[in-house]
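Please keep the structure open beside them as you read.

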Amino acid sequence: MSSDFDTELGPETEMDTSAFRDEDDRISLLWLERLRAFLAAGRAEDVALVMEPLHTADVGDVLEHLDHDERLVLVRLLGDKFDYSALTEVDESIRLELMEALPNAEIARGVAGLDSDDAVAILEDLEEEDQNEILSALPTFERLSLKRSLDFPEESAGRRMQTEFIAIPPFWTVGQMIDYLRAERDLPDEFFQLYVVDAGYKVLGTLPLDRVLRSQRATRIESIMNTTLVLVDANEDQEEAARAFERYDLVEVGVVDESGRLVGVLTIDDMVDVITEEADEDIKLLAGVGDEDVSDTTLDTVRSRAPWLAVNLVTAVLVSLVIGLFNGTIQHMVELAVLMPIVASMGGNAGAQTMTVTVRAIAMRELEGGRLRRLIRREMVVGFFNGVIFAILIGLVTWLRYNNVQLGAVIAIAMIINLVVAGTAGILIPLTLDRFKADPAIASAVFVTTITDVIGFFAFLGIAGLWFGLF
């Protein structure tokens, strides 16, 4: 590389994290340009120097900004200095792309020093053959721990947990426990509480670190432990586990197997990721784009979106059939063709508002007993009053535009009907889908839009046909 480049950007030793992001908290283009130049020149020492100060999450951002070949060069130039936990911070497609390009022996070396939850996140998307080859290269204890986690269902607490935790017997004193922690070398890098267990690893209580610091050395563990336990089953869905963190304001919680034995712990950092992922997934499903990332290929994106567009095409054909029933009515009064999209559009928007509130309430388990009945009544009443408000507005506009008070009355009545139907459909359709164990975030939008369009066109054109005697 030319000395002009080094002179322009300054000596490598002056590079720090303050230069990594610009004033808008984005990765500095100048910093990224310099890294790319080092990668192109194969300058391993300089690459290591500029990457060393970065947090794991920042390394993940860097990987997402680089192209495929540059990512591989970065990983290979860093060698032992590359922290594989950074792969948990990138899109799944990028992670798989890197995993496929790297030899299994290199991946085994990289995951060997990771927390078990990070190692599982990297390994779980690989083919079983590759998983087994990587696991066979790890020490026996780590291999068995990871294999146990991978045996749990996808998106379960068992997949998210880390198997490193501290378990102590109830008959120890605080002093014995402190001496043990000081002498033991193989402890988790971070922990927030200790777990008091019996000989069968059944949890008897928990011991927060703040309580340890306030207790005398001679105090017995069983006298100061928390016996009000919040535990998560390893087979429980990760979203339910995250809800326990939210409900009880947890920082860490123990995970037990079907026999009630402690097998791991969930920590707040992983649960924040789960909450973000689940919210992101629901937003995408509401829009019908599936599990899609910005780094996906064009072909993957087409495959993700095409099925739902096909469903929308079918529903659009159904709506067109309803309009076709009133061809004669529209031919006699052309103004109807101009006005009918207004009724359908207003109904669709109103239904989407109610549907969004309902899907969120279902996801948050907020619709219990009386709340559900109140929500149904509220949305029907809201639909009626919104219908009256906008019926008056569109009725007046139609009257003034076409000098036809009867046409204004027709569209006003149709507007009230469709907004009441929209509010009702927006809540009942997601509830029905949820009752039949279907994900309301996936299919609700299609059904709600179809119903509001069909009812909107049918009500407007039907009322107009009867009112003006056009049948």
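This is a predicted model: local features need pLDDT of at least 70, side-chain atom pairs count only at pLDDT 80 or more; totals for chains, interfaces and linings use all residues.

1. Residues are numbered from 1 along each chain as its sequence is written, and side-chain values use heavy atoms, with hydrogens and water left out.

2. Start with strand β2 (residues 193-197), where five of five residues are buried (under 20% relative accessible area, with a 1.4 Å probe and protein chains only). Gln193, Tyr195 and Val197 cover one side, and Leu194 and Val196 the other.

3. β2 runs parallel to strand β1 (residues 167-168), and two bridges join them; strands pair if DSSP finds at least two bridges between them. Tyrosine 195 in β2 is the bridge partner of alanine 167.

4. On the surface, Ile413, Ile417, Ile451, Ile455 and Trp467 make a nonpolar patch with about 370 Å² of accessible area together. Patch residues have over 30% relative accessible area and no salt bridge, and nonpolar side chains are joined within 5 Å, like charges within 9 Å. A salt bridge is a side-chain nitrogen of Lys or Arg within 4 Å of a carboxyl oxygen of Asp or Glu. Helix α22 gives the most to this patch, three residues. Isoleucine 417 lies in α21 and counts as partly exposed because its relative accessibility is 35%.

5. Arg371, Arg373, Arg374 and Arg377 form a positive patch. Arginine 373 belongs to helix α20 (residues 370-402) and is exposed because its relative accessibility is 52%, where exposed means over 50%.

Terms used
Accessible areas come from the Shrake-Rupley method with a 1.4 Å probe; for residues, only the protein chains shown count as cover. Lys and Arg count as positive and Asp and Glu as negative; His and the chain ends are not counted. The place of a charge is taken as NZ of Lys, CZ of Arg, CG of Asp or CD of Glu. Helices (H or I, at least four residues) and strands (E, at least two) are DSSP runs, numbered from the N terminus.
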